[in-house]
Amino acid sequence: MGRLSLYPKGIKKNVVNGHISLYLAITETGELPLGWEVNASFKLFVFDQIRDEYLTVQDAGGGAMRRFNDINSKWGFAKFLPLDTFNDASQGYLVNNCCVFGAEVFVHERSVKRQCLSFIKEPDNSTLTWKIERFSTLNEEYYFSQEFTVGDSNWLFIVFPKGDSFVKKKAISVWFCPCNCDLSEPNVFAKYKLRIRDQIKGKHKEKITEYWFPSSDGWRHSEFLLLKDLNNASKGFLVNDTVIVEAEIIKMSKLK
């Protein structure tokens, strides 16, 4: 059985503000056999009651196949629709205090394959450091770091100096993810500490998270550090026009 899970003010664990979150979830998982899984691609939509049409949201590339199982029984979008758009009467999504959400689901036949999962705690070379120099001269929307190798996985940072599309000119955004990750299913797990270093007092800006990659957008830390704090010389985040971004991988695994 499946259902839609709607979070009118955003899904709390991702601290998403100003957006509706919408997920497709498998229910009654306790009654399913051990090792159950469902492979499906899907589209989620909200109905425009004025124009009699749907706003459809799906993964880039036409909707990748997602694997639902005990590890991850729901998939969807933390930032499905901005709240101000939803509440705007002229948009037609909320009429007479009524709204309509839905899903179009395609279930794929399961292909049997063996997989091996092993966890590595505190892997070698687990602290990845990217020193970004001449920070004030960065004019592009975002920048990629070099690739870092930890075990048999490669990782990279993506930094938005003036914030990604959700926090423009408000905060520096830091994304951290494995390279060449299979988009069809979550196959890389990591628990890691992401930080921007305080180069004066050592009071770093840090966040700890654990995540299966890929998924919707939990690895995208849009509001990582407010620009007013970054530019405050006494806080030590920007010293000699240099910002230091680090990730410390505490535990990781990879399905094979």
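User: Is D48 buried or exposed?
Analyst: D48 is buried, at 4% relative accessible area. Buried means under 20%, exposed over 50%, and partly exposed in between, with a 1.4 Å probe and protein chains only.

User: Before we go on, what are the ground rules here?
Analyst: This is a predicted model: local features need pLDDT of at least 70, side-chain atom pairs count only at pLDDT 80 or more, and totals for chains, interfaces and linings use all residues. Residues are numbered from 1 along each chain as its sequence is written, and side-chain values use heavy atoms, with hydrogens and water left out.

User: Fine. Which strand holds D48?
Analyst: Strand β3, residues 37-48. Helices (H or I, at least four residues) and strands (E, at least two) are DSSP runs, numbered from the N terminus.

User: What does the side chain of D48 make a polar contact with?
Analyst: The side chain of R51, at 2.8 Å. A polar atom of the D48 side chain also lies 3.0 Å from the backbone nitrogen of I50. A polar contact is a pair of N or O atoms within 3.5 Å; within protein, one must be able to donate a hydrogen and the other to accept it, and residues adjacent in sequence count only if both atoms are side-chain atoms.

User: And which residues does D48 touch, leaving out those up to four places away in sequence?
Analyst: E53, Q91, G92 and Y93. Contact means heavy atoms within 4.5 Å. E53 is also the bridge partner of D48 in β4.

User: How many bridges join β3 to β4?
Analyst: Five, and the two strands run antiparallel, with β4 spanning residues 53-57. Two strands pair if DSSP finds at least two bridges between them. Their hairpin has four residues between the strands, and D52 there takes a positive phi near 55°.

User: What else pairs with β3?
Analyst: β5, residues 66-69, pairs with β3 in the antiparallel sense over four bridges. β7 pairs with β3 as well, antiparallel over eight bridges. A40 stands opposite R66 in β5, and its bridge partner in β7 is V107.

User: How many residues of β3 are buried?
Analyst: Ten of its twelve, so the strand is mostly covered.

User: Zooming out. How many helices and strands are in the protein?
Analyst: Two helices and 17 strands. Of its 256 residues, 45% count as buried. Among contacts between residues at least 6 apart in sequence, 66% join residues at least 24 apart.

User: Where's the nonpolar packing?
Analyst: The largest nonpolar core has 37 residues, and W155, F157, F176, I196 and F213 touch the most other members. β12 gives the most to this core, with six residues. Apart from it lies another core of 18 residues, among them L22, W36, V46 and L81. A nonpolar core is a set of buried Ala, Val, Leu, Ile, Met, Phe, Trp, Tyr and Cys residues joined through side-chain atoms within 4.5 Å.

User: What about C177, how far is its sulfur from the closest cysteine sulfur?
Analyst: 6.5 Å, to C179, and that is too far for a bond. C177 is buried at 11% relative accessibility. C179 is buried too, at 14%.

User: Back to sheets. What's the order in the open sheet of three strands?
Analyst: β1-β2-β6, with antiparallel pairing. The edge strands are β1 (2-7) and β6 (74-82), each pairing on one side only. Neighbouring strands are turned by 20° against each other on average, direction ignored. Axes are lines fitted to C-alpha atoms, for helices over the stretch in contact, and angles run from 0 to 180 degrees between N-to-C directions.

User: How many bridges link β1 and β2?
Analyst: Six, and β2 covers residues 19-26. R3 stands opposite A25 in β2.

Definitions and conventions. A disulfide is a pair of cysteine sulfur atoms within 2.5 Å.
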